[in-house]
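Biologist: Could you take me through this structure? I would like to begin with the overall arrangement and then go into particular residues.

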Amino acid sequence: MVTMSTTAAKRGDAPARPEREALEQVRVTEVFHSLQGEGRTAGWPTVFVRLTGCPLRCTYCDTAYAFHGGEPVTVAEVVERASGYGARYATVTGGEPMAQRHCPGLLAALADAGYEVSLETSGALDLSAVDPRVVKVMDLKTPGSGECHRNRYENIDLLGPRDQVKLVIRDRADYDWARGIVARYRLDARCEVLLSPSHGELAPGTLGDWILADRLPVRLQIQLHKYLWGDVPGR
Ligand code: SF4
């Protein structure tokens, strides 16, 4: 576990920044080990830290159990729990992790601990405090989510080639909207663009046909973990 350096503690000094951050608390729903189901590292063993709470209410949300509850845990303790799995990748997810004040500190601490860290976020909140070592996997909410008005388009300027934008597609109307957004913001020139069929609502093959017909410069992804284990918590 990370603790304040003995020297600093003996002197009574204020702890240095990483030490201070290690003592800050986040509210955690679960820390678990699974295969990454989405994005560029799909299939890799990954430790997931699911933070509690989300200000959005997407129609297709599969993690409503993370809206409430959880337990307060210091950043140092989260890093300690994560280390038990020996994973190379760490993903901070939610809920909406950036709704917690100390999420940026947690991301930095995991990167300091040597993980390749990614952040799964709705993109509804400001991402400018995210450590540059962290890969941002940012949703743009489609009309079918019911939360399209929450998109913070300024975040697009913060995305680079290592980052990913994800759009969950429920139907043809969502697809047409996504196609327009990709073109308007030239998203494919900025980062990887992932189109994900809403599980159980849109057949992946149908979405694949639409992408090919339009020669859309995006990547189709399915949620691998749901095909392996079903839609269950902790997977
Ligand atoms: S942003 Fe994510 S966690 Fe929040 S309601 Fe939407 S799908 Fe669920």
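Modeller: What follows moves from the sheet to the helices and then to single residues. Please keep in mind that this is a predicted model.

Biologist: How many strands form the sheet, and in what order?

Modeller: The open sheet has 9 strands in the order 3-1-2-4-5-6-7-8-9, with mixed pairing. Strand 3 (71–74) and strand 9 (219–220) stand at the edges; each has a single partner strand, so one side of each is left without a neighbour in the sheet.

Biologist: Is strand 6 buried or exposed?

Modeller: Strand 6, residues 135–139, is mostly covered, with 5 of its 5 residues buried. Val135, Val137 and Asp139 point one way and Lys136 and Met138 the other way, and all are buried.

Biologist: Leu195 interests me. Is Leu195 buried or exposed, and what does Leu195 touch?

Modeller: Leu195 is buried, with a relative accessible area of 0%. Not counting residues up to four places away in sequence, Leu195 touches Leu167, Ile169, Tyr175, Leu207, Ile211, Leu216, Val218, Arg219, Leu220 and Gln221.

Biologist: Now the helices. Which strands does helix 4 lie across, and which does helix 5 lie across?

Modeller: Helix 4 (residues 103–112) lies across strand 1 (25–35), strand 2 (45–51), strand 4 (89–93) and strand 5 (116–121), and runs at about 155 degrees to strand 5. Helix 5 (residues 172–184) lies across strand 7 and strand 8, at about 160 degrees to strand 7.

Biologist: How do helix 5 and helix 7 pack?

Modeller: Helix 5 and helix 7 (residues 204–214) pack at an angle of about 35 degrees, with axes 11 Å apart. Helix 5 passes helix 7 in a right-handed crossing.

Biologist: Which residues meet there?

Modeller: From helix 5, Arg172, Tyr175 and Arg179 meet Leu207, Trp210, Ile211 and Asp214 of helix 7. The residues of this contact divide into 4 nonpolar, no polar and 3 charged.

Biologist: Which residues of helix 7 are buried, and where do they lie around the axis?

Modeller: The buried residues of helix 7 are Leu207, Gly208, Trp210 and Ile211. They cover an arc of only 160 degrees around the axis, which puts them on the same side of helix 7. Asp209, Leu212 and Ala213 are exposed on the other side.

Biologist: What do the buried ones pack against?

Modeller: The buried residues of helix 7 pack against strand 7, helix 5, strand 8 and strand 9.

Biologist: And helix 3, which residues are buried there?

Modeller: In helix 3 (residues 75–83), the buried residues are Val75, Ala76, Val78, Val79 and Ala82. Seen down the axis of helix 3, they fall within an arc of 160 degrees, so they line one face of the helix.

Biologist: Changing topic to the backbone: where is the cis peptide bond?

Modeller: A cis peptide bond joins Gly94 and Gly95, with omega about 15 degrees. Gly95 is in the loop between strand 4 and helix 4.

Biologist: Lastly, what about phi at Arg186 and Arg215?

Modeller: Most residues other than glycine have a negative phi. Arg186 has a positive phi of about 45 degrees, and phi of Arg215 is positive too, near 50 degrees. Arg186 is in the loop between helix 5 and helix 6 (187–190) and is exposed, with a relative accessible area of 53%. Arg215 follows helix 7, in the loop between helix 7 and strand 9, and counts as exposed at 71% relative accessibility.

Notes. Residues are numbered from 1 along each chain as its sequence is written. This is a predicted model: local features need pLDDT of at least 70, side-chain atom pairs count only at pLDDT 80 or more; totals for chains, interfaces and linings use all residues. Side-chain values use heavy atoms; hydrogens and water are left out. Two strands pair if DSSP finds at least two bridges between them. Helices (H or I, at least four residues) and strands (E, at least two) are DSSP runs, numbered from the N terminus. Contact means heavy atoms within 4.5 Å. Axes are lines fitted to C-alpha atoms, for helices over the stretch in contact, and angles run from 0 to 180 degrees between N-to-C directions. A crossing is left-handed if the near helix is turned anticlockwise from the far one by less than a right angle, and right-handed if clockwise. Ala, Val, Leu, Ile, Met, Phe, Trp, Tyr, Cys and Pro count as nonpolar, Asp, Glu, Lys and Arg as charged, and the others, Gly among them, as polar. Buried means under 20% relative accessible area, exposed over 50%, partly exposed in between (1.4 Å probe, protein chains only). The arc is that of the directions from the helix axis to the C-beta atoms.
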